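This report describes one protein chain for a reader who has the sequence and the model at hand. Please keep both in view while reading.

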Amino acid sequence: MITRIPNTVIHELISRTDIVDLISRRISLKKQGKNFLARCPFHIEKHPSFTVNIEKQFYYCFSCGSHGNAIDFLMNYDRLTFIESIKELSVINGISLELNVGVFKKNNCKKTNLYQLMNKLSEYYQNILIQKKYLYAYKYLQNRGLNTKTIADFNIGFAPPGWNNIIQKFSFTSCDQALLDQSGMLISNNKKYKYDRFRNRLMFPIRDITGRIVAFGGRVITNKKMPKYLNSPDTEIFKKNQHLYGLYEARIQHKNPSYILLVEGYIDVITLTQFGINYAVASLGTTTANHIRLLYNITNQIICCYDGDHAGKKAAWRTLNIALPYLTDDRQINFIFLPHGEDPDTLIHKIGKNDFLKILTQTQDLSNFLFKTLSQKINLQTLAGRVKLSNLILPMLNKIPGKTLKLCLLQQLGNKIGILDENKLNQLLINKPILSTNKTKKYCINYSVEHLLIGLLIQNPQLAKLVPSIQELKQFKKDDIMIFTDLVQICKTYPTSTPAQLLEYYRENKFFSKLETLAYWNHLITNDMIETTFIDALTKLYNLTLEQRQEMLIARDRISGLTIQERQELWLLTQTLSKR
């Protein structure tokens with residue numbers, strides 16, 4: 001069970017994390033001045049409005065308002081919880097939460113990290129593959145045309161026959177076995193007997209976008225009665241609908257690929273890579289919206305490569321419908337259907353790389369595939385047929401955010417159903433605004449001197465050194481002054497803090513919403529005037545607090561009189577304010 005993680009640990013994790021590197025591993029960023037720019041991964045947009053600030057260690061979308069630090073990005077993009085995000089950053093930065101913080105209760109077993117466990121199992125399966133006893137598995141891969149280097153590059157292994165090889169091989173404690181249960185590598189039956197999930201199967205490690213092994217795919221090679229492919233179940237580190245096989249390897253070869261080839265099988269990806277087509281990936285079953293979003297964050301063009309049979313066409317149609325909401329004007333989706341009975345693996349062995357690449361130039365674009373598929377069973381010579389085509393296509397067009405793309409498809413529909421008037425065509429569409437799923441809670445900024453000081457300080461923590469003393473301010477219980485004095489103390493305690501780190505201190509604080517708004521506030525003050533403006537505002541705040549104290553003492557004197565000490569304080573306040 002997880003207990004509270006100290007702020008000092010979170011502070012250290014954020015300070016060690018480069019938010020630009022973290023985000024660029026997931027989406028393509030382009031440098032623009034001091035910032036980095038991209039299309040927002042949290043809503044559909046035509047023009048990039050998502051910025052990453054390396055100095056402040058923030059990201060911010062000027063369109064939908066999504067924003068945050070490294071922790072927020074992991075929570076929103078990778079869909080992790082707060083604790084899971086902290087764990088992720090600890091793994092990235094090599095900080096052991098167990099050793100450096102009392103994060104886990106003392107009575108818990110000391111668990112092996114899931115990522116380390118998966119690596120250990122991968123090495124085990126790789127060693128099994130090259131044993132003479134299981135030479136038939138290695139020969140199967142060779143007969144499929146895979147060479148030794150490719151087999152090693154993709155860390156292909158073999159899970160031997162038998163029910164409890166893993167437990168027999170490794171001396172796991174009961175807690176380690178519990179971790180194996182969580183990883184999905186062991187299964188418990190009704191009698192609580194544990195047995196291996198993968199048996200007598202080729203093992204294909206599945207990596208996340210950062211290269212860590214998070215799961216396995218197993219392919220049967222002898223028993224045709226068993227399911228051909230078996231994947232790890234969803235676990236703490238693996239969600240099937242959020243990972244693509246081969247994506248990490250493709251990203252190593254191409255930071256910003258011109259297109260990604262989406263195929264159906266592990267061996268398709270591996271064989272194509274061996275032939276030098278190292279930008280192919282495979283979905284782990286059905287292609288999902290997460291897969292499409294992930295691909296379009298890396299490239300502007302997806303080429304779907306499917307079998308030419310009925311199942312292949314059906315899978316392509318499903319993928320097209322999933323992709324529609326992501327099709328801005330600068331994004332493309334194309335389809336290629338291979339001859340019946342062929343897949344990329346078998347075909348490229350027959351015709352070679354050059355001829356295979358020629359096939360990739362003969363793809364069907366969105367328009368071609370869309371109208372060809374829908375028109376097959378419709379008689380466009382009849383009124384009913386033309387109405388039916390319109391009714392089928394219009395709901396699909398309404399999902400497309402790309403205005404030009406939508407207009408071109410609408411014009412093609414008009415040509416087919418005999419409506420050439422553009423105004424009449426536009427009337428067919430139901431214009432629904434695309435709403436972002438990220439709702440940003442905003443706090444009203446009233447541009448008071450306190451808000452100005454807080455906003456400038458949280459955006460520029462180094463300004464804290466200009467604050468001589470906060471003792472005079474501490475006696476005032478006004479919320480904004482309390483926030484400011486607390487923020488000054490933190491900045492002085494941790495002088496190298498970034499804005500991202502400062503915000504993290506207040507995540508569970510009742511003032512977090514206000515601080516968050518001020519952290520992203522565009523105050524329109526030029527860099528060369530920030531320090532001067534801060535000093536002026538600070539002086540004004542001191543004067544205001546002194547005036548408030550003076551007014552309070554004068555009021556008290558009229559009602560009940562002052563003590564000797566209070567009269568002396570009033571005299572000093574009057575003298576100080578008269579000089580200012």
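## Terms and basis

A residue is called buried when its relative accessible area is under 20%, exposed when that area is over 50%, and partly exposed in between (1.4 Å probe, protein chains only). This is a predicted model, in which local features need pLDDT of at least 70 and side-chain atom pairs count only at pLDDT 80 or more, while totals for chains, interfaces and linings use all residues. Residues are numbered from 1 along each chain as its sequence is written, and side-chain values use heavy atoms, with hydrogens and water left out.

## The chain as a whole

The chain contains 26 helices and 16 strands; helices (H or I, at least four residues) and strands (E, at least two) are DSSP runs numbered from the N terminus. Of its 580 residues, 52% count as buried.

## Helix α22

Helix α22 covers residues 479-493, which is 15 residues. From first C-alpha to last it reaches 21 Å, close to the 21 Å expected at 1.5 Å a residue; the expected span is 1.5 Å times one less than the number of residues. Among the buried residues of α22 are I481, F484, L487 and V488.

## Nonpolar cores

A nonpolar core is a set of buried Ala, Val, Leu, Ile, Met, Phe, Trp, Tyr and Cys residues joined through side-chain atoms within 4.5 Å. The largest one has 60 residues, and L121, Y125, M185, L202, F216, Y245 and L261 have the most contacts inside it. Helix α6 (residues 114-129) gives the most to this core, with nine residues. A second, separate core of 57 residues includes C64, L294, I298 and Y306.

## A five-stranded sheet

Five strands form an open sheet in the order β12-β14-β13-β15-β16, with mixed pairing; two strands pair if DSSP finds at least two bridges between them. The edge strands, β12 (244-245) and β16 (332-338), each pair on one side only. Strands β13 (residues 260-263) and β15 (residues 301-307) run parallel and are joined by three bridges. In this pair, I260 stands opposite I302 of β15.

## Helices α16 and α17

The axes of helix α16 (residues 366-375) and helix α17 (residues 383-397) come within 10 Å and cross at roughly 145°. Axes are lines fitted to C-alpha atoms, for helices over the stretch in contact, and angles run from 0 to 180 degrees between N-to-C directions. Contact (heavy atoms within 4.5 Å) is made by L370, F371, L374 and S375 of α16 and by L389, L392, I393 and M396 of α17.
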